[in-house]
Amino acid sequence: MDNQKLKGYLIEKRKTYANCASALGISTNSFSNKINGRSRFDIIEINNLVCYLGMPLDDAVEIFLPKNLH
């Protein structure tokens, strides 16, 4: 996962960790751990976050998939 790109995307969309955590139904602390690489987003969380942010598929692939898979 490209944490820096995701953080940049949140800034661009003016979303806070609390906004995103609420959209995913998790705590802000859990979201922070996931975005900072201390734990991982599951596929449902990724899908919900991509939808919540209105993220284009190309951006989602670039952020969430390892470079050798795309």
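Of the 70 residues of the protein chain, 30% count as buried, meaning under 20% relative accessible area with a 1.4 Å probe and protein chains only. The model is a predicted one, in which local features need pLDDT of at least 70 and side-chain atom pairs count only at pLDDT 80 or more, while totals for chains, interfaces and linings use all residues. Residues are numbered from 1 along each chain as its sequence is written, and side-chain values use heavy atoms, with hydrogens and water left out.

The secondary structure comes to five helices and zero strands, where helices are DSSP runs of H or I with at least four residues and strands are E runs with at least two. The largest nonpolar core has 17 residues, a core being a set of buried Ala, Val, Leu, Ile, Met, Phe, Trp, Tyr and Cys residues joined through side-chain atoms within 4.5 Å.

F41 is among the residues with the most contacts inside the core; leaving aside neighbours within four places in sequence, F41 is in contact (heavy atoms within 4.5 Å) with M1, L6, L24, F31, K34, I35, I46, L49 and F64. N3, found in helix α1, counts as buried at 18% relative accessibility, and, with the neighbours within four places in sequence left aside, N3 is in contact with I35, N36 and G37.

Notes:
Buried < 20%, exposed > 50% of the residue type's maximum accessible area, 1.4 Å probe, protein only.
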